[in-house]
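Please open the sequence and the model side by side before reading on.

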Amino acid sequence: MAAVEAYNITHRYGKVTALDDVSFTVDDGELFGFIGPDGAGKTTLFRIAVTLIIPSGGRMTLFGLNTVNNYRELRNLIGYMPGKFSLYQDLSVEENLNFYATVFGTTLKENYHLIEPIYKQIEPYKKRIAGKLSGGMKQKLALSCALIHKPKILILDEPTTGVDAVSRTEFWEMLSGLKHEGITIVVSTPYMDEALRCDRIALIQSGKILGINTPDNIRRSYSQKLYAVRYPDKYKLLTSLRSLPLAPCPMPIAPCSEPYTLSPEPFGDSVHITLPEGTKPEEILKALETAGLPGATITEIVPGIEDVFLELMKKDE
Amino acid sequence: MKKFMAFVKKEFQHIFRDYRTLIILFGLPAAQILIFGYAVRTDLTNAGIAVLDNAHDVVSAELITRINASEFFHIKYFLNTYDEIDPAFKKGKIKAVIIFPDDFAERLTREGNATVSIIADGSEGNNANLVTGYTTAILNDYSAGLTKQLTSAMPVIVPEVRMYFNPNLQSHFMFIPGIITLILILISALMTSVTIVREKEFGTMEVLLVSPLKPWQIILGKVAPYFFLSLVNVIVILLMAWFVFDLPVKGSISLLIAECMLYILLGLSIGILISASVEKIMNAIFISALGLMLPTLLLSGFIFPIENMPKIYDYVSLFLPPRWFVEIMRSIMIKGAGFMYVWKGTLILAAMTLFFMLLSARKFKVRLEEGGK
Amino acid sequence: MEREKVIEVKDLVKKFGSFVANDHLTFDVYKGEIFGFLGANGAGKTTAIRILCGLSRPTSGKVLVAGFDANHPEEIKKRIGYMSQRFSLYNDLTVKDNIELYGGIYGMTMKEIRPRTERLLAKLSFNQYGDTLIGSLPPGIKQKLAFAVAVFHDPEIVFLDEPTSGVDPITRRQFWEMIYETASRGITVFVTTHYMDEAEYCDRVTIMNEGMIVALDTPSALREKYNASSIEELFLKIARQKTETA
């Protein structure tokens, strides 16, 4: 049985459509990621999943239980971490944990083994009030609280936002650990690079799912060969690539509707481009040299999640 | 039940960990009592008064000398006719006029009792009380002196007090029922709405809603501590009224507490209603403060007597719970009235409580109807 | 080539009681550079930036920002711009109101502000949004406007706090292009972030750990030096090394 099944979920706030015909399935024991920017509809989708919102249309079940009709049974099965870490800032680490344990009808002792790998990292600070913890520690505490009743499914809304890189990596390692315990995990993040940590991902933008697959397959779905061009002055490189005779329509700061061939996009220390059919990479370097950018380099690269996202977004428009 | 108790415990932890809440909870009532109490309780020294001596006999002369000699009064005007009383009040800064009837000494010696009229400036209710109090003391002192001289029964000088400007003198203790009303609405409505909205703002409400806790458990868990604390506060205020201002409750204490409980319930349901309607703590504070405290202060008769208001406000105040509660409190505390006298107000408050409870129960959801960042 | 320095920091120390938040920081930032400032929570980043923005004084050491030392915070504040995710524009004011407000705060006259506003909106193709309330704009547009406003008064340095976290990939590209363009005009861009892929866009990157600067170079040089495939990997290597030796 699938852990989550969503059929044609639509949700509107007044005139704004937050979710537009979203369907997906999460398998039991899977680590499933929703990747998309702020405002894509991730939080609304998660709130529907945890029975907090009744969708305007469509239907969702968790372990066969409907999120609207069977919300009472479901609430016992879900471990939920909302976007804002839901901790009582004026209660200590221990008090927060005990409180949530009692509320969910269990005790810290009963499920200690489950949270141990996470909790033991913050246990030395158990007397400290939650408001005084660092972002990473808050995140760990919030996860411990969500886990305390041994849920069958963990639903984590942007658990890594605003947390430093070290804590984030640790966090994803913890999630892998929990997956081995057999807990299904649905997680959302605006950070494309975190997608690689998931079994499968859904790319979500403006309330629509652009694609669902394993991270590798998503990357493979990029339609063309992708190249990275490097040159010390990135701005000059970017503008030059746009105005090369090969590229009829530059991508200005505001989006442009006409098709263009090179699609130069700044990516970190390089600019990613795709080549029109029949154009060789060397021709680009030559053209750049003529344009006054000697010594640029070009290499073919494996597209990243963000490249695919960008392509899908453009297609969608 | 265990879940529920854990909830209540957590709520107390919140309260006792935040010294600001504690100050509001316990400091504020005490401060208000003392401020209101002492602001109006200035000691009387050298208050200007006027005397209208129709008797012109030995006794009245003796009394006038005594009054003038006391540190409390000095006589600013000697009046000759009743017509001069009104101008005297209006132009001179006098607190009272003392009037001796024309056959004063004669009646005192012959009948053993005589009346002195005191007309006090009732616009400052407290002063009026003090003036009458001191005057009566001087008169009693004099009659006690007479008793020693005479062997017959003690002659009594009866002071007959009338109020100028404010004929049905509002007792200066009237503020105590008012303060109870204010504090109860403040703690029960404002504090509950803030504490619930805080859970929304910090995102903890989301997890609570998703938990197996039932909504009524969440709500009861949040309000139970405030119900308890409100009651503690009522008792603190009553004790202060008694020991600091010598104002014991005249009526039945249990009736008083029962009425307070009803009013607290009303406040709590309003608080829940507010919290169900807003998302931000600031909004909760604004609505509670402006929507509840101002009417309590201005339209309940707590500070401004309802009789003196334009009719329209009088009608508006009929719909405001504090008006009824202030009335009930005054009847019980000051007049010593029993349930027979306050049943109407109680019924109205009970109806209002029921109304707000149903409304807030409807508004409080098992889900977040709206969400989204 | 001797480049012009807009920020000079030498032996900057900031203590809170016995706690050393910044431990002898020394670095320079050049004019027109995009300078990334990374570090875990509690590494001392925020403290250093508060000093650079003139919000706090160093315990000891030399700090020159736009030619003024940290004892002249008023002069520094006039010459910097600031933008963060948390605080940017007023939602209940229109786009033009916001621009006028910020221009006014930095002492510009309406005469200067008006034509500049027109130019700015034209450049971003936002003409149609001039009288729209900020709150009703999509997040991507808000973000770009916030940045445009932060550099509206032509500061010498603009500080960006996690400028593009949570925006969609298209907006992010456009945003970085604006940053490149700004830097090419000679405005120095100082970026702090938890997100390492943002660091990859910078000309040079500094990594702080436990109050000290542990690495400072171009992203590619750093990757090479630490034999890491990305700044993220490098960052984790450094952080873990530290905790192990600690």
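Gly291(B) counts as partly exposed because its relative accessibility is 43%, where partly exposed lies between buried (under 20% relative accessible area) and exposed (over 50%), using a 1.4 Å probe and protein chains only. Gly291(B) belongs to helix 11 (residues 281-299) of chain B; helices (H or I, at least four residues) and strands (E, at least two) are DSSP runs, numbered from the N terminus. Between Gly291(B) and Leu209(B) there are 28 Å in space, C-alpha to C-alpha, and 82 residues in sequence.

A word on the source: this is a predicted model, in which local features need pLDDT of at least 70 and side-chain atom pairs count only at pLDDT 80 or more, while totals for chains, interfaces and linings use all residues. Residues are numbered from 1 along each chain as its sequence is written, chains are lettered from A in the order in which they are written, and side-chain values use heavy atoms, leaving out hydrogens and water.

Now to the cavities. Two of 30 Å³ or more are found in the structure. A cavity here is a set of points on a 1 Å grid over the protein atoms alone where a 1.4 Å probe fits but cannot get out, and lining residues have an atom within 4 Å of a point. Grid points are joined across faces, edges and corners, and a volume is the space filled by probe spheres set on the points.

| Cavity | Volume | Top contributor to lining |
|---|---|---|
| Largest | about 80 Å³ | strand 6 of chain A, four residues |

The largest cavity has 14 lining residues, and Tyr80(A), Ser86(A), Cys145(A), Ala146(A) and Val207(B) lie nearest its centre. Two or more lining residues come from each of strand 6 (78-81) and helix 5 (135-147) of chain A and helix 8 (204-210) of chain B. By class, this lining has eleven nonpolar, three polar and no charged residues; Ala, Val, Leu, Ile, Met, Phe, Trp, Tyr, Cys and Pro count as nonpolar, Asp, Glu, Lys and Arg as charged, and the others, Gly among them, as polar.

Finally, is His153(C) buried or exposed? His153(C) is buried, because its relative accessible area is 13%. His153(C) sits in the loop between helix 5 (139-150) and strand 7 (157-161) of chain C, and its side chain reaches the backbone oxygen of Ile80(C) at 3.0 Å.

How values were computed
1 Å grid on protein atoms, 1.4 Å probe; cavity = no way out; pocket = protein on both sides within 12 Å on 5 of 7 lines; lining within 4 Å. Polar contact = N/O pair within 3.5 Å; in protein donor to acceptor, adjacent residues only side chain to side chain.
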